[in-house]
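Subject: Structure for you to look at

Hi,

Here is the structure I promised to pass on. Have a look at it first, then read my notes below with the model open beside you.

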Amino acid sequence: MLGTLSTLNPVFLALLAGLFTWGCTAAGAALVFFFKNLDKKMANVMLGFAAGVMIAASFWSLIAPAIEMSSDLGKFSFVPALVGFLLGGAFLRLVDRITPHLHLGMPVTDKEGPKTHLRKTFLLVLSITIHNIPEGAAVGVAFGAIVAGQHELLIAAMVLAFGIGIQNFPEGAAVSIPLRGEGFSRIKSFWYGQMSAIVEPIFAVIGAYLVILVTPVLPYALSFAAGAMIFVVIEELIPESQREGSTDLATAATMVGFSVMMMLDVALG
C-alpha cells in the first residue's frame with residue numbers, strides 16, 4: 001500500500017490528508033446534534049489534549065526532520081530549523097494582528113485584531129480558523145517532502161495527518177457546542193464548527209506545492225509550520241485550557257496528547 005501511495009502526486013496526497021483532518025473537525029462538530037452544552041472541565045481537557053498533540057507533532061514530525069535534512073551544514077545544521085521556526089511564529093503574529101478574532105471563553109470586549117462590527121460567532125470561528133492554517137500547512141509540507149526525495153517521510157506525513165485529525169475532533173466540538181449553548185440552531189452550530197477547518201485542505205495543497213516548486217526550502221518550510229503551531233499552542237490552546245479551574249486535568253491531558261503523538265511518530269515514523 002505504501003508503495004502505491006508513494007507513486008501518487010504529493011499535492012494530491014496532501015489534499016486527501018487535508019480533507020481527512022477537515023473531516024475529523026466536522027465529526028467533532030457533529031456532536032452538537034447530541035449535546036447542547038459542553039462541560040467546562042471536558043472542554044479544558046480537549047484543548048489540553050490538542051495542545052499536547054501539536055507540541056509533539058511540531059518536534060517529532062517537523063523540527064527533527066528539518067535538522068536532519070540540514071546535517072550537511074555540520075554544527076550549523078540547526079540554522080534552517082531556527083530561522084523557519086521563528087518566521088512561523090512571526091507569521092502567525094502578523095495574521096493575529098490583521099485578522100479580527102475572539103478566543104474561546106473570552107468576552108467579546110476582549111476581541112483581538114483590527115476594529116470590527118462582526119458578531120461574536122464569526123470572531124470565534126475566525127480564531128479557530130487562524131490556528132488551523134499552520135496545521136494544514138504542516139500536513140502539506142510533510143507530503144511535499146516526498147517529491148524532494150524524502151520518501152521515508154511518507155509514513156511520518158501520514159502519522160502527522162492522523163495526529164492532527166485526532167486533535168481536530170475535540171476542537172470541532174469545542175467550537176460547535178458552545179455556539180449551540182448561545183442559542184444557535186444545531187445546523188448552524190455544526191456548519192460554523194466544521195467551516196473553521198476549511199483552511200486545512202487549502203493550505204495543505206499550498207504547502208505541498210510550494211515545497212515541490214522550491215525543494216531547497218524544505219527544512220525551512222517544515223520548521224516554519226512548527227513555529228506557527230507552537231505559537232498557537234502557547235498563545236491560545238494552553239491559556240484557554242487553564243481557565244476556570246481544572247488546571248491539573250488540562251495539564252494531564254496535554255501530557256497525554258504529547259505522549260500519544262510521540263508514540264505514533266516514533267513507532268510508525
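This is a predicted model: local features need pLDDT of at least 70, side-chain atom pairs count only at pLDDT 80 or more; totals for chains, interfaces and linings use all residues.

Let's begin with the empty spaces inside. Rolling a probe the size of a water molecule over the atoms shows where empty space is left. Here the count comes to 2 cavities of 30 Å³ or more.

The largest cavity has a volume of about 40 Å³. Which residues line the largest cavity? They are Ser-61, Pro-65, Ala-142, Leu-153, Ala-156, Ala-157 and Leu-222. Two elements give two or more residues to this lining, namely helix H3 (40-69) and helix H6 (153-181). H6 supplies the largest share, 3 residues. Sort the lining of the largest cavity with the classes above and you get 6 nonpolar, 1 polar and no charged residues.

Now for the second largest cavity, which holds about 30 Å³ of space. Around the second largest cavity you'll find Leu-92, Asp-96, His-101, His-103, Ser-127, Ile-130, Phe-231, Val-232, Glu-235 and Glu-236. The elements giving two or more residues to that lining are helix H4 (79-98), helix H5 (120-144) and helix H9 (218-241). Which helix gives the most to the lining of the second largest cavity? That's H9, with 4 residues. By class, the lining of the second largest cavity has 4 nonpolar, 3 polar and 3 charged residues.

On to how the helices pack. Two packed helices are described by the angle between their axes and the distance between the axes. On the H2 side, the residues in the contact are Trp-22, Thr-25, Ala-26 and Ala-29, and they meet Phe-190, Gly-193 and Gln-194 in H7. That contact has 4 nonpolar, 3 polar and no charged residues.

H2 also packs against H5, at an angle of about 150° and with the axes 8 Å apart. H2 and H5 are therefore roughly antiparallel to each other as well. H2 passes H5 in a right-handed crossing. The H2 residues in this contact are Pro-10, Leu-13, Ala-14, Ala-17 and Gly-18, while H5 brings Val-139, Gly-140, Phe-143 and Gly-144. Sorted by class, the contact of H2 with H5 has 6 nonpolar, 3 polar and no charged residues.

Last, go back to H3 and find helix H10 (residues 247-268) beside it. H3 and H10 pack at an angle of about 35°, with their axes 6 Å apart. What is the handedness of the crossing where H3 passes H10? It's right-handed. The contact of H3 with H10 has 17 nonpolar, 6 polar and 2 charged residues.

Cheers

How values were computed. Residues are numbered from 1 along each chain as its sequence is written. Side-chain values use heavy atoms; hydrogens and water are left out. Contact means heavy atoms within 4.5 Å. Ala, Val, Leu, Ile, Met, Phe, Trp, Tyr, Cys and Pro count as nonpolar, Asp, Glu, Lys and Arg as charged, and the others, Gly among them, as polar. On a 1 Å grid over the protein atoms alone, a cavity is a set of points where a 1.4 Å probe fits but cannot get out, and a pocket is an open set with protein on both sides within 12 Å along at least five of seven lines; lining residues have an atom within 4 Å of a point. Grid points are joined across faces, edges and corners, and a volume is the space filled by probe spheres set on the points. Axes are lines fitted to C-alpha atoms, for helices over the stretch in contact, and angles run from 0 to 180 degrees between N-to-C directions. Angles under 35 degrees count as roughly parallel, over 145 as roughly antiparallel, 65 to 115 as roughly perpendicular and the rest as oblique. A crossing is left-handed if the near helix is turned anticlockwise from the far one by less than a right angle, and right-handed if clockwise.
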